[in-house]
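This report describes one protein chain for a reader who is new to structures. The text starts with single residues and then turns to a helix, its packing and the chain as a whole.

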Amino acid sequence: MPEQLSQSQIDALLSKMSSGEAPVQEEKVKVREYDFKSPKKFTKEQFKALDSLHETLARMMASFFSGLLRTVCEIQVLQIEEQRYYEYNNALPDTTLVGLVDMKPASKNYDNTTFLLDLSTNIGFYLIDRVLGGPGTGFNLDRNYTDIEITLLTNILEKITKRIEDTWQSNLPISATVGGIETNARLLQVFAPEDIVVIVVLGIKLGNNVEGNLNICIPAEFLEQVMHTFSMRYARSSKKQDPTQEEMKRRIILENVCDSNMEIEVIFDRLQLDLRDVLHLQPDDVIPLAKRVDSGVLVMVDKIPWFTAKLGQTKQKKAVRLTNIVSNGEEVVEWQTKEASS
């Protein structure tokens, strides 16, 4: 079909459209589905605050696992989403390990709550094998945990809970303890099925061949109470600073710095002696130097080269006259070479 139509072709097409012979293509409108039964409670900015919080947690956990297992560990936040509790519970496998973490804020203005920590089975068996001294190869097992294995994993979950508590301290003073362990997801009824929860998925990679997830289930009701502490932390003040007060602060800081004590040391020359010669040094011994008395010296301020100077005397006291400012180490090397050659 030609890119441009003639006038006769346009007239024929218009006549067919008016008579209904030519089909008219309707413009498709993109519609975004929205579930009114479960409206979204949190904004993108609030999810960014949660992401930043759990990025800090991921770094702390990676350091903990690396020290515990003596292997490389990488942990990152893969996803943060909100959903109904029954959706999260139905997605849990039959063989799982879920830790119930009791979160108790220090302030009475916030209610106590419970977090759920869901650890992948392969990660759990890998941790058990490595903690007991094994090579970490037999982790792909499809069975329930034994009582001894649950005791070992409970100890590890307590260490993870301590990291969660430390991470939350920067936003909300809170204490976290492991309140229980559940291995049957079907018996796990901590919240009502229709309650909204926020799921934080942490991807864990241990060594070169073990990958799994640690899912943190947080009730939305608790987050709604404490979310303002996140927004206060990340809010920026738009108030302009008073230039007079800023100048006064700068002057006070400068005065305090100027009153501080600094150690000044003048170095005439450096030389090397054998240990035998040093041990035999006696008073009135003469040590020959490779410099003239009227040559330059180096002035050190708190062990840092700062000036070059000349030796002198004023009012029957030894003195130095500053000649140049030393800005970097290269000038010190250049000065030493120049003085040695002279």
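T323 counts as partly exposed, because its relative accessibility is 39%, a value between the 20% and 50% cut-offs. The model is a predicted one. T323 is found in strand β10, which covers residues 317-325. Leaving out residues up to four places away in sequence, T323 touches T308, A309 and K310. G296 is 27 residues from T323 in sequence, and their C-alpha atoms are 8.8 Å apart in space.

T114 lies in strand β3, and H54 has its place in helix α2. With a relative accessible area of 16%, T114 is buried. H54 is also buried, at 2%.

| Residue | Relative accessible area | Class |
|---|---|---|
| T323 | 39% | partly exposed |
| T114 | 16% | buried |
| H54 | 2% | buried |

H54 is in contact with V77, V200, L202, I216 and I218.

**Helix α4**

Helix α4 spans residues 121-131 and is mostly covered, with eight of its eleven residues buried. These buried residues are T121, N122, I123, G124, F125, Y126, L127 and I128. Which elements cover them? The cover includes the helices α2 (44-69) and α5 (147-168), together with the strands β2 (95-105), β3 (113-119), β5 (196-206) and β6 (210-219). Just after α4, G133 takes a positive phi of about 95°.

**How α4 meets α5**

Two packed helices are described by the angle between their axes and the distance between the axes. The axes of α4 and α5 come within 10 Å and cross at roughly 95°. The two helices, α4 and α5, are therefore roughly perpendicular to each other, because angles of 65 to 115 degrees count as such. On the α4 side the contact is made by G124, F125, L127, I128 and V131, and on the α5 side by E149, L152, L153 and I156. By class, the contact of α4 with α5 has seven nonpolar residues, one polar and one charged.

**Nonpolar cores**

In soluble globular proteins, nonpolar side chains tend to be buried together. In this chain the largest nonpolar core has 55 residues. Within that core, F65, W168 and L206 have the most contacts. Helix α2 gives the most to this core, with eleven residues. A second, separate core has twelve residues, including Y88, V98, A185 and V197.

What lies around W168? Apart from residues up to four places away in sequence, W168 touches L53, M103, F115, I174, F222, L223, V226 and F230.

**The whole chain**

The chain has nine helices and ten strands. Of its 342 residues, 33% count as buried. The chain exposes about 23700 Å², and carbon and sulfur atoms supply 52% of this area. Among contacts between residues at least 6 apart in sequence, 67% join residues at least 24 apart.

Technical notes:
Residues numbered from 1 in each chain as written. Predicted model: local features only at pLDDT ≥ 70, side-chain atom pairs only at ≥ 80, totals over all residues. Heavy atoms only, no water. Buried < 20%, exposed > 50% of the residue type's maximum accessible area, 1.4 Å probe, protein only. Helix = DSSP H or I, 4+ residues; strand = E, 2+ residues; numbered from the N terminus. Contact = heavy atoms within 4.5 Å. Areas by Shrake-Rupley, 256 points an atom, 1.4 Å probe, with all protein chains shown as cover. Axes fitted to C-alpha atoms, helices over the stretch in contact; angles between N-to-C directions. Parallel < 35°, antiparallel > 145°, perpendicular 65-115°, else oblique. Nonpolar A, V, L, I, M, F, W, Y, C, P; charged D, E, K, R; others polar. Core = buried A, V, L, I, M, F, W, Y, C linked by side-chain atoms within 4.5 Å.
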